[in-house]
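Biologist: I would like to go through this structure feature by feature. Please give the general idea where there is one, then the case at hand.

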Amino acid sequence: MNRYLLTYYLSFFRTLTLKRLSNFLLLNITYYFSAITRKAFYKGMPASISIEPTTSCNLQCPECPSGLRKFTRATGSLSEETFNRIVEQLGEKLIYVTFYFQGEPLLHRSFTDYIQKLSKAKIITATSTNAHFLTEEKAAQIIASGLDRLIVSVDGADAETYLKYRRGGNFDQVIENIRRFIEVRKLMKSPKPFVEMQFIVFKHNEHQISEMKALAKTLGVDKLAIKTAQIYEFEKGSPLMPGLVKYSRYRETAQGVFTLKGHLPNRCYRSWSGSVVTWDGNVVPCCFDKDATHQFGNIMKTDYKQILQNPDYLKFRQQILTDRSQIEICRNCTEGL
C-alpha cells in the first residue's frame with residue numbers, strides 16, 4: 001500500500017466526531033431494521049452525499065446524458081448560496097462528499113474554494129474529472145485545497161481508442177495533465193489527494209486492459225480501477241458491450257434479451273446512507289437518477305430533515321424493500337451485485 005492510499009484510508013478516522021459516529025450508527029441500525037422487517041424506517045442524516053457542481057461538460061460521451069445534452073432538467077452551476085446551505089444543514093453529520101454528479105466539475109470556477117471549505121469542516125472529499133482542465137495551476141490549487149481523492153477517467157491506451165467514447169477529447173492532453181499532476185503533488189510534498197485512474201471497459205477497448213495497467217504504472221497513479229460500463233438501452237444489446245463476460249454488467253438470456261448479470265435485491269444501503277443534491281438544490285436518491293426524475297425536495301426551500309421524511313421519499317424507500325425492480329432507475333443499477 002503506497003502512502004497516498006494509506007493517507008486516504010486514515011482520513012476516515014480523522015473525520016470522525018461523536019456526532020458523525022453516532023449518526024452513522026443510527027443510519028445503519030435503521031437500514032438493517034428496515035431491510036429485515038421490510039418496513040421503511042429512517043432516522044438520522046446522510047453520512048455521504050454527492051453534490052453536483054455543474055451539468056456542463058466539454059465532451060460528448062455516447063452513454064452520458066450530460067455529454068449527449070439529453071437532460072430534461074436545466075443546465076447550470078452550483079451557487080455559493082446553495083453550497084453554503086448544504087454545508088450548514090448537513091456538515092456536522094457528513095463524513096464523505098463526492099463533489100461530482102453529472103458534468104465536468106473542474107468547469108466550476110469555485111471548485112477549489114468549495115473543496116477547501118469542505119476540507120476545513122473535516123469532511124472527506126472526492127471528485128471525478130476527464131482531466132482536460134487539469135492544468136499545472138489548477139493542479140496546485142486542487143492539491144492545496146485538501147482534496148482527498150481524485151478520479152481521472154481514461155478509457156483508452158491510445159488516442160484512436162480513447163476518442164471512440166470520449167468524443168471531443170484530447171488523449172495526449174489528458175495524459176500530460178495526469179503526469180504533471182503527479183509531478184506537482186510530489187513537488188508540493190503533499191500526502192494527498194489519492195489519484196485513481198478509471199478505465200471503463202467497452203467492446204472497442206477491452207483488448208487494452210494490459211496496456212492500461214502499464215500506462216497507469218508509467219504515469220505513477222496510485223490505483224487503476226477497471227470499471228464495467230452502464231448501457232442505457234441494454235435489453236437489445238449494444239455495440240459498446242464488451243465480449244469479455246467478466247467486464248460486462250449484462251448477460252444474454254435464452255430469449256436473446258440482455259439483463260443484469262446479478263439478482264437485483266430488494267434493498268439498497270445507498271438510499272439510507274446518502275443522497276444527491278443537484279446544482280440547483282434538488283434532492284434525489286442516488287447517482288443513477290441522472291436526470292433527477294425523483295425529486296423529493298429542494299434544500300433552498302425546505303429543511304433537509306423535512307426532505308428526508310417526505311412521504312414520497314419514504315414511499316420510494318418502501319418500494320425498494322418490496323419491489324425494487326419496478327423503479328426505473330433501479331433496473332440498471334449494480335448496487336449490491
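Biologist: Does Ala-131 count as buried or exposed?

Modeller: The model is a predicted one. Buried means under 20% relative accessible area. Ala-131 has 0% relative accessibility, so Ala-131 counts as buried. Ala-131 is in the loop between strand S3 (124–129) and H5.

Biologist: What is the phi of Ala-131?

Modeller: Most residues other than glycine have a negative phi, and most peptide bonds are trans. In this model, the phi of Ala-131 is near 75 degrees, a positive value in a residue other than glycine. Ala-292 also has a positive phi, near 55 degrees. Ala-292 sits in the loop between strand S10 (283–284) and H10, and it counts as buried at 5% relative accessibility. For glycine, take Gly-220: just after H8, it has a positive phi of about 85 degrees.

Biologist: Which residues does a cis peptide bond join?

Modeller: Lys-192 and Pro-193 are joined by a cis peptide bond, with omega about 10 degrees. Pro-193 belongs to the loop between H7 and S5.

Biologist: Now the helices. Which residues of helix H3 are buried?

Modeller: In H3, residues 80–90, the buried residues are Thr-82, Phe-83, Ile-86 and Leu-90. Viewed down the axis of H3, they fall within an arc of 100 degrees, so they line one face of the helix. The face turned away from that buried side carries the exposed residues Glu-81 and Glu-88.

Biologist: What covers the buried residues of H3?

Modeller: The cover includes strand S1 (48–51), helix H4 (111–120), strand S9 (274–277) and helix H10 (304–308).

Biologist: Which residues are buried in H8?

Modeller: Ile-209, Met-212, Leu-215, Ala-216 and Leu-219 are buried in H8. Around the axis they cover an arc of only 115 degrees, which puts them on the same side of H8. They pack against helix H7 (171–187), S5 and strand S6 (223–228). Ser-210, Lys-217 and Thr-218 are exposed on the face of H8 turned away from the buried side.

Biologist: Where is Glu-206 found?

Modeller: Glu-206 is in the loop between strand S5 (194–201) and helix H8 (209–219). With 14% relative accessibility, Glu-206 counts as buried.

Biologist: What does the side chain of Glu-206 reach?

Modeller: The side chain of Glu-206 reaches the backbone nitrogen of Gly-243, at 2.9 Å. Setting aside neighbours within four places in sequence, Glu-206 is in contact with Val-201, Pro-242, Gly-243 and Leu-244.

Biologist: Which residues does Ala-139 touch?

Modeller: Ala-139 touches Phe-181 and Val-184, if residues up to four places away in sequence are not counted. Ala-139 lies in helix H5 (residues 136–145) and is buried, with a relative accessible area of 1%. For a distance, take Ala-139 and Asn-170: they are 31 residues apart in sequence and 18 Å apart in space, C-alpha to C-alpha.

Biologist: Last, the surface. Which residues form a nonpolar patch there?

Modeller: Leu-6, Tyr-9, Leu-10, Phe-12 and Phe-13 form the patch, and together they have about 490 Å² of accessible area. One of them, Tyr-9, is found in helix H1 (residues 3–15). Tyr-9 is partly exposed, with a relative accessible area of 42%.

Conventions: Residues numbered from 1 in each chain as written. Predicted model: local features only at pLDDT ≥ 70, side-chain atom pairs only at ≥ 80, totals over all residues. Heavy atoms only, no water. Buried < 20%, exposed > 50% of the residue type's maximum accessible area, 1.4 Å probe, protein only. Helix = DSSP H or I, 4+ residues; strand = E, 2+ residues; numbered from the N terminus. Arc of directions from axis to C-beta. Contact = heavy atoms within 4.5 Å. Polar contact = N/O pair within 3.5 Å; in protein donor to acceptor, adjacent residues only side chain to side chain. Patch = residues over 30% accessible without salt bridge, like charges linked within 9 Å, V, L, I, M, F, W, Y side chains within 5 Å. Areas by Shrake-Rupley, 256 points an atom, 1.4 Å probe, with all protein chains shown as cover. Salt bridge = Lys/Arg side-chain N within 4 Å of Asp/Glu carboxyl O.
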